[in-house]
Amino acid sequence: MSKDTLKDNVETVDKEAEISIIGNPNVGKTSLFNLLTGTKQYVANWPGVTVEKKIGSFKYKGKTFKLVDLPGVYTLSAKSEDERVAKDYLISNTSEIVIVVADALNLESSMFLLFQLIEIGVKTILVINSVDEAREKGRIIDPSPISKTLNIPVILTSAKTGEGKEELLEEAYKLSKEKNLTKKKIMYPEEIENFINFFQDKVSKYPKISSKYQNYIDSSWLPIYFLEFGSEDLELPQDFLTELKENFDIEDLKNKYLNWKFNFISYLVSSSIIKEGIDWSLRDILDHVFTHKILGILIYVFALFAVFSLTFSLAQPLSDLLDSAFTFLGNSISEFVTIPWLESLLVDGVIAGVGGVLVFIPQIFILFFFLGFLEESGYLPRAAFLVDRIARNFGLSGRSFMSIILGFGCNVPAIISTKTIANKKERLALILSLPFASCSARLPVYILLISAFFSTHAATIMLLVYLSSIALVLISSKFLQRFITQSEDIPFIIELPRFRMPTLKNLSIYTWNRGKHFLQKAGGIILIATVLIWLLSFFPNFGTDINSSFAASIGRVFEPLTNHLGWDWRINTGLIFGVAAKEIVVSSYATIFNVGEGSLTYALQNALTPASALALIFFVMAYIPCFATLATIKAETNGWKWAIFSFIYTTVVAYLIANLVFFVGGIFL
Amino acid sequence: MLIPLHNLFIGQKGKIVSLNIEGESTKNRLIAMGITPGKFIELAHVSPFGDPLVFKIGEKKVVLRRSEASRIIVDVPYKVFNLLESEIGKYEIIDIKGGRNFVEEMRSMGLYKGVNINLVNKLGNRIIIEVDGKKYELGRGRASKIFCKKVE
C-alpha cells in the first residue's frame with residue numbers, strides 16, 4: 001500500500017461532516033448555533049440571493065463538523081426567498097445531517113417542517129429547545145413517543161443553560177459515522193399511499209423529471225411536495241399533470257392529506273407532552289401594556305428615543321477619539337513623508353476620506369447592540385404591530401418605521417437593519433428610499449447655511465427640513481413600490497415571540513456579525529472613491545490651486561444646470577465632494593472659498609441669495625447617498641444595479657426639489 | 001354560528017372552520033404557523049389604530065391584518081353583539097370591556113356578566129336600555145364597551 005492511499009483512508013475516516021440547522025423563526029435557533037460553534041463562525045450570502053448564511057464549526061471526539069445555519073422558516077416551499085434557499089439547499093444533499101430545532105412551548109408548529117425533512121430523507125435530529133423555560137412554566141415533555149414513532153433521535157436542550165449539548169453532539173457524531181442509513185418512511189393513509197405509488201410508477205416514464213430529481217425518484221418527497229404546495233416550481237410536464245388529474249381528485253386529496261397531517265401531529269405532540277403547564281399570565285400582562293393604546297405608544301416612542309439618543313451620546317466621545325486618532329496619524333505621516341503628492345494622497349485622500357467614514361464605527365456597533373436587544377428580547381415585532389396601520393398607507397409595514405428612525409442617525413445601519421423585513425418588495429423600496437432620511441452627517445451643512453442666512457428662523461427651517469425628509473422617505477417608498485420594485489406582495493403575518501432576556505454573548509455575536517459588514521464591504525469602495533476624489537482635486541496642477549483642478553472643471557460643467565438656482569461652480573464642486581461623505585461639503589467649501597470655517601459664513605452670504613441657499617439645503621437633504629451608503633445598498637441588494645439606480649434617482653429627486661424650493665422660496669424671500 | 005375571524009371581540013374564542021385565503025403561500029404560511037381548521041383561536045389585542053390584530057392560538061401569538069383575518073372563518077357558539085350596534089330586543093350581557101371604574105359604575109347600575117337587558121330604543125347617540133324595570137340611557141362610548149348575545 002502506498003503512502004498516498006493510506007493518507008486517503010485516514011482522510012475518509014476523519015472527513016469533515018456537514019450539519020445544517022433549521023427551524024421556525026424565534027425557536028432559539030441562533031442561540032443553539034452560538035452554543036455549538038462559539039465564536040468560530042462567519043456570515044456569508046447565499047450565492048445570487050440576499051439571504052444570509054451563517055457558517056460555523058466545532059469539534060467533537062476529534063471530528064470536525066461544519067454547521068450551516070439555514071434561514072428561519074415555517075415550511076420548505078419555494079414561495080419566499082428564505083424558504084426556497086432552505087429547500088434547495090436541503091434537497092441538494094450537501095448536508096449529511098439536519099438538526100430541526102423546535103420550541104418546547106410551541107412544539108406543534110415545528111412538526112410540519114420536521115415532516116418535510118423526513119420526506120426529503122436526510123438524517124434528521126429533532127432538538128426540542130428551551131426546556132428550561134418550559135419546566136419553569138410547569139410543562140413536562142417526554143421525547144420518546146416522537147422518537148419511536150418517527151424513528152429519529154429527539155433531544156431536549158436549552159441553548160441558554162447548555163443543557164443537552166453533550167447529548168446532541170454525541171447523537172450527531174453517531175449519525176455521522178453511520179453509513180447507508182435506511183430511509184425513514186412515514187406511513188400515510190391508503191388513499192395517499194396509492195397516490196404516492198402511482199406518482200412514483202409514472203415518473204420513471206418522464207426522463208425530464210427523473211433526471212432532475214434523480215435522488216428522489218424512489219422517495220415519497222416529490223409526490224408529497226406536489227400535494228402540499230402544488231406543481232408550480234416542480235416544473236412537471238403538462239401531460240404528466242394531466243395524467244395525475246385524470247386519476248385523482250387532487251384538491252380533495254390535498255385536503256385529506258392536510259387533515260391527516262394535522263391530526264397525526266396533534267396526536268404525536270399531545271402524547272409527548274405529559275403535563276401542559278401555563279404560559280400565558282405574565283406574558284399576557286406585558287403584552288397588554290406593550291400593545292396598549294396609550295402606554296404602548298408611549299413606550300414605543302420612548303424606546304425609539306432611547307436607542308437613538310443612547311447610540312449617539314455613547315458613540316460621540318468614541319467617534320471624537322477616533323477622529324483625533326486619524327488627525328494624529330495624518331500629522332505623523334506628514335512629518336515622515338516628504339514627497340508632496342504622496343503626503344497629500346495619504347493625508348488628504350486616504351486618511352481624511354476613509355477616516356471620515358470610519359469614525360462611524362462606534363455609532364454602528366452601539367446601534368446594533370441596542371437593536372439586537374430590542375429584537376432578541378421580542379420587543380421589535382410588538383413595536384411593528386403598534387404602528388403597522390400608519391405605515392401601510394405608504395406600502396410599508398410597522399417594521400419599517402424603526403429603520404427610518406435609524407436613518408436619521410446614519411443611513412448605513414438603517415439599510416442593514418431592513419434585513420428582517422420579510423417582504424422583498426417592501427424591503428427594496430425602503431432601501432432605496434432610506435437615503436432621503438436626513439442623516440446626522442448632513443447636519444453640519446444645514447447648520448452652516450441656516451446660520452448664514454436664516455438665523456432668525458433657524459428652528460422653523462430645521463423642522464421643515466426634517467419633516468420634508470420624513471415625507472420624502474414615505475412618498476418615495478410608495479412611489480417605488482408602485483412603479484419600480486416588482487415582486488410578489490406578501491401579507492404582514494408575524495409571530496409575537498415570548499419575551500426573553502438576551503444574553504450578553506448572543507448580543508455581542510449579533511452586533512459583531514452585522515457591524516463587520518460595514519467594515520468589510522464599505523471599506524474597499526470608500527477607499528477607491530476617496531482616492532478618486534483626491535485625484536480630481538489634486539490634478540492637473542499638483543494641488544497648488546484647487547480652483548483650477550479637475551474637480552473645479554467638473555463643477556463648471558454643471559453650471560448651466562445650476563446657474564438659475566444661483567449656484568456657481570464653487571457650490572457644485574463642494575456638492576461633488578459631498579458625494580464621498582456629506583460632512584465633507586462644509587470643509588470643502590472652506591477650501592474652495594479659501595477661508596477658514598469661521599469666516600465661511602460671510603463668503604457664502606456673498607455667493608448665494610437666501611432662496612438659493614434654501615434650495616441648496618434641500619438639495620443636500622435629498623441628493624446622492626454617501627459612498628458608505630451606496631456600498632451598503634450594493635451589498636444588501638446583491639449588485640450594482642440598485643446602487644446605480646439610487647445614485648441617479650436621488651439626484652433627480654433632489655434637483656427637482658431644489659428647483660421647487662427655489663421657486664417657492666423666491667416668492668417669500 | 002360562523003363569523004369572520006376579525007369579528008371576534010377581545011377575549012372571545014372561536015373554532016377555525018376554513019381559510020378562504022387565495023394565495024397558496026399565504027395559506028401555507030398560516031397553516032404552518034398553526035392556524036388550521038379545528039383549532040381554537042382567540043382575539044388577544046387590537047392595535048391602537050384598530051389594525052392589525054393579535055390572536056392567540058395554542059402557545060402562540062400571531063399578528064394578522066384585518067384583511068387576512070376577514071378571510072378566516074371561525075365558529076362561535078353565538079353571535080356577539082356590541083350594544084352600540086344592536087337592534088331593539090332582549091340581550092344577555094356576556095362581557096363589559098373597560099377600566100375598573102367603568103366596570104364598577106356599570107355594576108352599580110345592575111349591569112354585569114349574565115344579566116338580561118332589554119334594549120328599548122335608540123335615539124341618535126343615546127341608547128335606552130331597561131334593567132330590572134329601570135330605564136337607563138347610555139352614550140355611544142359606553143354602549144360600545146358592552147358585549148352581549150341575543151336572548152330568544
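This is a predicted model: local features need pLDDT of at least 70, side-chain atom pairs count only at pLDDT 80 or more; totals for chains, interfaces and linings use all residues.
Start with the interface. On chain A, 40 residues are in contact with 31 residues of chain B. The area buried between the two chains is about 3,400 Å². Carbon and sulfur atoms give 59% of that area.

Now the polar side. Between chain A and chain B there are 5 salt bridges. There are also 10 residue pairs in polar contact, with both residues at pLDDT 80 or more. Which elements of chain A give two or more residues to this side? They are helices H4 (107–120), H10 (221–229), H12 (250–272), H13 (281–290) and H17 (379–392), plus strand S10 (494–496). H17(A) gives the largest share, with 6 residues. By class, the chain A side has 17 nonpolar, 7 polar and 16 charged residues.

Two of the bridges across the interface deserve a look. One joins the side chains of A:Asp287 and B:Lys61, at 2.6 Å, N to O. The other pairs B:Arg65 with A:Asp388, where the closest N and O atoms are 2.8 Å apart. Here B:Arg65 sits in the loop between strand S5 (60–64) and helix H2 (66–69) of chain B, and A:Asp388 sits in helix H17 of chain A. Buried or exposed, B:Arg65 and A:Asp388? Both are buried.

Next, one residue on the chain B side. B:Thr26 is in helix H1 (residues 24–32) of chain B. Its relative accessibility is 9%, under the 20% cut-off, so B:Thr26 counts as buried. What does B:Thr26 touch, leaving aside neighbours within four places in sequence? Its contacts are A:Pro491, A:Ile493 and B:Ile21.

A few words on chain B as a whole. Its secondary structure comes to 4 helices and 12 strands. Chain B has 152 residues, and 49% of them count as buried. Take the contacts in chain B between residues at least 6 apart in sequence: 60% join residues at least 24 apart.

Now salt bridges inside the chains. Over all chains, the structure holds 26. In chain B, B:Arg126 pairs with B:Glu137, the closest N and O atoms being 3.7 Å apart. B:Arg126 lies in strand S10 (126–131) and B:Glu137 in strand S11 (134–138) of chain B, so the pair ties together parts 11 residues apart in sequence. B:Arg126 is partly exposed, at 39% relative accessibility. B:Glu137 is partly exposed too, at 46%.

In chain A, the side chains of A:Glu171 and A:Lys174 meet in a salt bridge at 3.9 Å, N to O. Both lie in helix H7 (165–177) of chain A, 3 residues apart, about one turn of the helix. Why does that spacing work? An α-helix has 3.6 residues a turn, so residues three or four places apart point the same way. A:Lys174 counts as partly exposed, at 44%. Chain A also has a salt-bridge network linking A:Asp103, A:Glu133, A:Arg498 and A:Arg500.

Last stop: helix H29 of chain A, residues 610–622. At 1.5 Å a residue, its 13 residues should span 18 Å. The end C-alpha atoms are 19 Å apart, which agrees. How many of the 13 residues are buried? The count is 12, so to speak a mostly covered helix. Among the buried ones are A:Leu614, A:Ile617, A:Phe618 and A:Phe619. What covers them includes helices H21 (443–453), H22 (458–483), H26 (569–578), H27 (584–592) and H31 (640–668) of chain A.

How values were computed: Residues are numbered from 1 along each chain as its sequence is written. Chains are lettered from A and ligands numbered from 1 in the order in which they are written. Side-chain values use heavy atoms; hydrogens and water are left out. The expected span of a helix is 1.5 Å times one less than its number of residues. Buried means under 20% relative accessible area, exposed over 50%, partly exposed in between (1.4 Å probe, protein chains only). Contact means heavy atoms within 4.5 Å. Buried area is the accessible area (1.4 Å probe) that two parts lose on being put together, summed over both. A salt bridge is a side-chain nitrogen of Lys or Arg within 4 Å of a carboxyl oxygen of Asp or Glu. A polar contact is a pair of N or O atoms within 3.5 Å; within protein, one must be able to donate a hydrogen and the other to accept it, and residues adjacent in sequence count only if both atoms are side-chain atoms. Ala, Val, Leu, Ile, Met, Phe, Trp, Tyr, Cys and Pro count as nonpolar, Asp, Glu, Lys and Arg as charged, and the others, Gly among them, as polar.
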